[in-house]
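This briefing concerns one protein structure, shown below. Please keep the sequence and the model in view while reading the points that follow.

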Amino acid sequence: MKVENKRMKNFMKEKVTISLYLFFAIVPLFCVTLDLFLSTILPDSEYGNMVNNFDFSIINQIIYFSVWSALITSVWGICMSIEYFNHKMPNWVKSRDTFTMVAVFNFIVFIVYMSGMIASMDNIVGFNTWYKILKSVLEHFIAPPILFLFYFLQKTERRNIKDYSVKNGLKTMIIPTIYVIFVTIRCVMIHTFIDNIDNAFTPFPYDQIDPYTKPMYLVIPGTIALIVVPYLLGIGFNYLANINKWKPIPMISSLDMS
């Protein structure tokens, strides 16, 4: 009877693991896709008729880091779901370092949107239409907390903080750096080659660090923070995961698939 109960508990834990991977594979991608297509059919009044143009709708997705985070989360969820069944994913995909990166990006999105909501609900982006409300709630306020719990409750390997800080943790800055380069080059090209800036769709996604409207003493530190903060948060996440002893959710590598 005890053996049977143990098997049942392990079976339920495995189902929790795969259910969470499937959740993160589907929900963020669903949110981005929903906004991408419905914004061309039922345009947000904030943008007028501009996003009736599908190209502008795509631009409206790719210029925001929250969308990058959502897509990265979905790709990670898809890869981990595949790994659950065939165990053929590269080690770096299923490593705790990659999990840390995904968790950190979601944490940043969660904090930024929660802070914006507390500071000024009327001015927060993404609450003008029913589909944007659905997207924002799922992508920014439901998925991230679930991911945090998953990160801290899963039985991942212990990560030496010193090794993470000087080696693997630095990889967390790669995607934010690529993002900053992308939006900056786009902004510069728009201001350089478009005569009427009003014809461009959102030249820079974040007004707080727009190099054409804000002083450099705000732009430079803000840009550096966007790149460095994920790395620092990664160190903190690893430390907290190391000291947490209660981790009931099994890793994929520990599951018995026979």
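Helix H7 (residues 174–193) has 20 residues, and from its first C-alpha to its last it reaches 28 Å, close to the 28 Å expected at 1.5 Å a residue. The expected span is 1.5 Å times one less than the number of residues; helices here are DSSP runs of H or I with at least four residues, numbered from the N terminus. The model is predicted: local features need pLDDT of at least 70 and side-chain atom pairs count only at pLDDT 80 or more, whereas totals for chains, interfaces and linings use all residues. Residues are numbered from 1 along each chain as its sequence is written, and side-chain values use heavy atoms, with hydrogens and water left out.

**The buried side of H7**

- Ile175, Pro176, Tyr179, Val180, Val183, Arg186, Cys187 and Ile190 are the buried residues of H7, where buried means under 20% relative accessible area, exposed over 50% and partly exposed in between, with a 1.4 Å probe and protein chains only.
- They lie on the same side of H7, because they cover an arc of only 140° around the axis; the arc is that of the directions from the helix axis to the C-beta atoms.
- An α-helix has 3.6 residues a turn, so residues three or four places apart point the same way.

**Salt bridges**

- The structure has 4 salt bridges, each being a side-chain nitrogen of Lys or Arg within 4 Å of a carboxyl oxygen of Asp or Glu.
- Lys132 forms one of them with Asp35, and their closest N and O atoms are 3.0 Å apart.
- Because Lys132 lies in helix H5 and Asp35 in helix H1 (residues 2–41), this pair ties together parts that are 97 residues apart in sequence.
- Lys132 is buried at 6% relative accessibility, and Asp35 is buried with a relative accessible area of 5%.
- Glu83 forms a salt bridge with Lys94, again with the closest N and O atoms 3.0 Å apart.
- Glu83 lies in helix H3 and Lys94 in the loop between H3 and H4, so the pair ties together parts that are 11 residues apart in sequence.
- Glu83 is buried, with a relative accessible area of 1%, whereas Lys94 is partly exposed at 29%.
- Asp97 forms a salt bridge with Arg159, the closest N and O atoms being 3.0 Å apart, and both residues are buried.

**Cavities and pockets**

- A search of the whole structure finds 2 cavities of 30 Å³ or more.
- On a 1 Å grid over the protein atoms alone, a cavity is a set of points where a 1.4 Å probe fits but cannot get out, while a pocket is an open set with protein on both sides within 12 Å along at least five of seven lines; lining residues have an atom within 4 Å of a point.
- The second largest cavity has a volume of about 60 Å³, and its lining includes Pro28, Ser66, Asn106 and His140.
- Helix H5 gives the largest share of that lining, 4 residues.
- The second largest pocket holds about 400 Å³ of space; a volume is the space filled by probe spheres set on the grid points, which are joined across faces, edges and corners.
- Of the 17 residues lining the second largest pocket, Trp92, Val93, Thr98, Met101 and Ile175 lie nearest its centre.
- H3, H4 and H7 are the elements that give two or more residues to the lining of this pocket.
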